[in-house]
Amino acid sequence: MLVIKRKAGESVIIGNQIRITVLETHGGAVRLGIEAPPKVSVYRAEVVSDVEAANRAAAEGEASREALTRLGGKRAAKGTQPAPEPGPEES
Amino acid sequence: MHIESPHFGKLAFDPDQVLEFPEGLLGFPALSRFLRVGPEDYEPIEFLVPVDEPKLRFPVLSPYLVRPEYDLPVGMAEREALDLAEDGSLMVFCVANLTSRVEDATLNLLAPILVNPDNRRGRQVVLETSGYSVAEPLFAGDPKPA
């Protein structure tokens, strides 16, 4: 890991297009300003960790039949599925 | 072309059916090509199957099926990353975790997957300020089954 000492108001530049500026340090917290091209996503690391874990869990999940059945029921209730054929008429 | 999936068997596909995720999915940066597989008996769940690692599959679902009010702001970053036209349509999926106990099944509303159908380019985004979580109960608010 590259370690650089910066004070409030100072910046680092990553790869010509990304600039990270230390705006303020206060009580153990650091406020950062980040300028990056819109294509570059900037997220808090712990949020990304949560999403990564959720993706992994979903990939390993078992797609339970019961969950699918209940979703199917929901779908039918919303009318996106053709109504069931009427049964034979009782005489 | 085809891949062999342990879940769905042989999946034949044309190159122009492949969804391209230049950044991969979060946690899976190396997986950049996916097939969208919708076996009839899994409806309305579909699966994103990585072409380069077909033993995996990500169950996905339209968030609007379970949360019609789902609020999805699509910013400039996403428009540019997906090369989305101003009036272009957008496909939205959320990853579902379908647990063996149905009450525990969840949907990741925090990090939806967006796909531009015109160029098949996709990206998973994180709606950091949305208040949604990665594990919203799939069946929250449903009446108890009779």
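The model is predicted, so to speak for local features a pLDDT of at least 70 is needed, side-chain atom pairs count only at pLDDT 80 or more, and totals for chains, interfaces and linings use all residues. Residues are numbered from 1 along each chain as its sequence is written, chains are lettered from A and ligands numbered from 1 in the order in which they are written, and side-chain values use heavy atoms, with hydrogens and water left out.

Chain A has 2 helices and 3 strands, running β-β-β-α-α from the N terminus on. Helices (H or I, at least four residues) and strands (E, at least two) are DSSP runs, numbered from the N terminus. Of the 91 residues in chain A, 23% are buried, where buried means under 20% relative accessible area, exposed over 50%, and partly exposed in between (1.4 Å probe, protein chains only). Among contacts in chain A with a separation of 6 or more, 0% come from residues 24 or more positions apart; a contact is a pair with heavy atoms within 4.5 Å.

A:Val42 sits in the loop between strand S3 (29–35) and helix H1 (45–60) of chain A, and counts as partly exposed because its relative accessibility is 40%.

Turning to the interface, chain A and chain B bury about 3,400 Å² between them, 60% of it on carbon and sulfur atoms. Buried area is the accessible area (1.4 Å probe) that two parts lose on being put together, summed over both. Chain A brings 32 residues to the contact and chain B 43. The rule finds 1 salt bridge across this interface, namely A:Arg44 with B:Glu128, whose closest N and O atoms are 3.2 Å apart. A salt bridge is a side-chain nitrogen of Lys or Arg within 4 Å of a carboxyl oxygen of Asp or Glu. On the chain A side, H1 gives the most, with 11 residues.

B:Gln124, in strand S10 (residues 121–124) of chain B, is a buried residue at 5% relative accessibility. Its contacts include A:Val51 and A:Asn55 as well as B:Val95 and B:Ile113. The side chain of B:Gln124 also reaches the backbone nitrogen of B:Leu26 at 3.1 Å and the backbone oxygen of B:Ala111 at 3.1 Å.

Over all chains, the structure holds 9 salt bridges. One of them joins B:Arg67 and B:Glu136 (3.6 Å, N to O), 69 residues apart. B:Arg67 is buried at 15% relative accessible area, and B:Glu136 is buried at 15%. Another pairs B:Arg123 with B:Glu78 (3.4 Å, N to O); B:Arg123 lies in strand S10 and B:Glu78 in helix H2 of chain B, so this pair ties together parts 45 residues apart in sequence. Salt bridges that share partners join B:Glu23, B:Glu78 and B:Arg123 into one network.

Key:
Polar contact = N/O pair within 3.5 Å; in protein donor to acceptor, adjacent residues only side chain to side chain. Lists of a residue's contacts leave out its neighbours within four places in sequence.
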